[in-house]
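I opened the model to look at how its chains meet. My notes follow the order in which I looked things up.

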2 protein chains.
Amino acid sequence: MNQKELDEEHTYLLSVVQAFQLYEEFGKQWVVYQLSMFKSLKEEDKKLLPNYHQKWNLILCGLHANQMIFDAIIRNQEDIITHLHFPILSEEQKHNLILSISDNERNELCQKLDKVRSMLTHLYRDWSIEGINERKLCYEPILHRLKELYQDNRNNIKILVPGAGLGRLAYEIASLGFQCEGNEFTYYMLLTSEFLLNGIERIGQFKIFPWIMETCNLLSFNDQASVATIPDIVPNLGNHQMSMVAGDFVEIYSKQKESFDCIVTCFFIDTAHNIIDYLRIIYSCLKLHGRWINEGPLLYHYKDSDSLSIELNWEEIKYIISSLGFTIISERLIPCTYCYSEHSLLQSKYTAIWFEAIKN
Amino acid sequence: MNQKELDEEHTYLLSVVQAFQLYEEFGKQWVVYQLSMFKSLKEEDKKLLPNYHQKWNLILCGLHANQMIFDAIIRNQEDIITHLHFPILSEEQKHNLILSISDNERNELCQKLDKVRSMLTHLYRDWSIEGINERKLCYEPILHRLKELYQDNRNNIKILVPGAGLGRLAYEIASLGFQCEGNEFTYYMLLTSEFLLNGIERIGQFKIFPWIMETCNLLSFNDQASVATIPDIVPNLGNHQMSMVAGDFVEIYSKQKESFDCIVTCFFIDTAHNIIDYLRIIYSCLKLHGRWINEGPLLYHYKDSDSLSIELNWEEIKYIISSLGFTIISERLIPCTYCYSEHSLLQSKYTAIWFEAIKN
């Protein structure tokens, strides 16, 4: 990286650190807005909601609890933060910052805060006691197959997990004795997974409220305030060969020919602008006769963006996979969920495509 | 209505008629954009998708088939269109119109076209041969209860269905012998239901492709091109006491005290800005000891808008219902879907709240 790229990188990292810090303050403003709508109701309507203020006070408590884990994630980066002179904001500074931003900046900040918020449901998915069923549905078939495939000498088997997110699947794979490399692009994920993998101290250290800002499709406030207890295990990397590589999958792995025995893509291939790029790279990264295990839907992430997005169906992808030189040796559909609140009256469920292919 | 309001109403109606006419032309532009992305790929990538152009040609056929029903919906309004001098656009005019609009207008047109597109899935839901299961899950419990409740003299029982959409539920209720009044706000729904209720000629008159513009979560092109056959029955209003009232629920029904024996709300109450308004009006519209049957989730429609949106959970709503003077006599949860493609790898399922209440 040259100096200009380095400076851009630091500016981006700073904006992520700042967004993590602003979560609660931003949430407070949202609460103020909600209460202002309540205040605009007729007096007789207000009387029909006698516990309304109490509910929003509890929501404020939830936002505060969530801020605790975001603060810990940032504290875990103390070295970088001190080294790069990132400012840790006081309560007053946070408040003034949010009040002073322009409409344009607000839009951008909203997007960043959405990403911070999404860390809560990802923490639920990957590292909570309550998320065990979601993990079982999704990760168990992959882990089961890896154990079956590689029964001996796992410490010589190199496995790549692109789109590793908060790192739970990569950690589980490393725990089985494999050399596992996770790859992840966004700093939101990277800072959070770094904390989970290296900074967490004890089981149940945090109680977070992943759905505290959801106000739709609720039977009761208890559903909105449902808790995730983080973590369910304290990762012990002592004996494990595990690494997380930060950066863009296409950039990094297009240079690594025949490096991995196995590649595991879980809810990943549809994050591509051009999925064919991903498929080519997966092929070239694998050693001869290497295995590719995929599980996921085809919810193309750039569909509604202004950038390139090639959205293929499974039949088309299958044709490409074979054309590139893979043989698909098994294929099935697996029902699963993604960052899913089982308390919601609206349930999004995925039918994930599972397949296993061998590089010829 | 005064002249100004009347003019505004005509302008709005014109914009809806225009949007119905522009569906296919707008879709063609989208196809052109998709193919331009394909063209930007490297030659070796293009070779991996040998049937890509053929697929998009089939999509064009689907768009054309969908336009057929939209054209018929507009033709069904011939009297109004002739009377108000609404222009029927030629192919060339459509093409030029879309090419000439500004960015701002494009945004607005996109929103209108989204509403036109949504008519396709609503047609599937309410009037297709293929939508029978969705209707059974959703409407059957309501119809069953009405039959149980009112065994005799149904022609004296007045039932209101607010948010009647494309009118199938209201029609089914009228078919049981009740006096049924549907209420609907949007012209998209009103023009379409008018055609279905009065203008359709024979079973299976149209083959439409409700999901032809969906490019995500597909196993194969067949899923994208899945057909809905419209209609499954030709409504016969001859013997039925059924009416559709156009306009805003709050405006119209706040003036009608004690008018209905029964109100059926299906996927409706969460369309409110202030749900308490709806609950009060439902109460005041009902005759003493009248029944209110509700089925639906709580996906508040104005949640992400800039306008008032009071988002309550079921516990809060229940408290209000009782406070207003209803007694809830039954309550349960019903799994169902809404305009749902069973072929998609992403499945949105609702747990609808069912309840029946009596006005004291």
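These entries cover the interface of chain B and chain A in a predicted model.

**Extent.** I started with the residue lists. Chain B gives 54 residues to the contact, and chain A gives 54 residues. Next I looked up the area. About 4700 Å² is buried between chain B and chain A, and carbon and sulfur atoms give 56% of that. Which three residues supply more of chain B's buried area than any other three? I found B:Leu48, B:Leu219 and B:Leu345, which supply 13% of what chain B buries against chain A.

I then turned to the salt bridges. The count between chain B and chain A is seven. I picked out one of them, where the side chains of B:Lys42 and A:Asp277 meet at 4.0 Å, N to O.

**Elements on the chain B side.** I listed the elements of chain B that give two or more residues to the side touching chain A. They are helices H1 (3-39), H2 (43-47), H3 (52-75), H12 (275-285) and H13 (314-324), plus strand S9 (346-359). By class, I logged 29 nonpolar, 13 polar and twelve charged residues on this side of chain B.

**Strand pairing.** How does S9 of chain A pair with S9(B), and over how many bridges? I found the antiparallel sense, over five bridges, with S9 of chain A spanning residues 346-359. I also looked up a bridge partner: A:Tyr350 has B:Leu346 in S9(B).

Note on methods. Residues are numbered from 1 along each chain as its sequence is written. Chains are lettered from A and ligands numbered from 1 in the order in which they are written. This is a predicted model: local features need pLDDT of at least 70, side-chain atom pairs count only at pLDDT 80 or more; totals for chains, interfaces and linings use all residues. Side-chain values use heavy atoms; hydrogens and water are left out. Contact means heavy atoms within 4.5 Å. Buried area is the accessible area (1.4 Å probe) that two parts lose on being put together, summed over both. Helices (H or I, at least four residues) and strands (E, at least two) are DSSP runs, numbered from the N terminus. Ala, Val, Leu, Ile, Met, Phe, Trp, Tyr, Cys and Pro count as nonpolar, Asp, Glu, Lys and Arg as charged, and the others, Gly among them, as polar. Two strands pair if DSSP finds at least two bridges between them.
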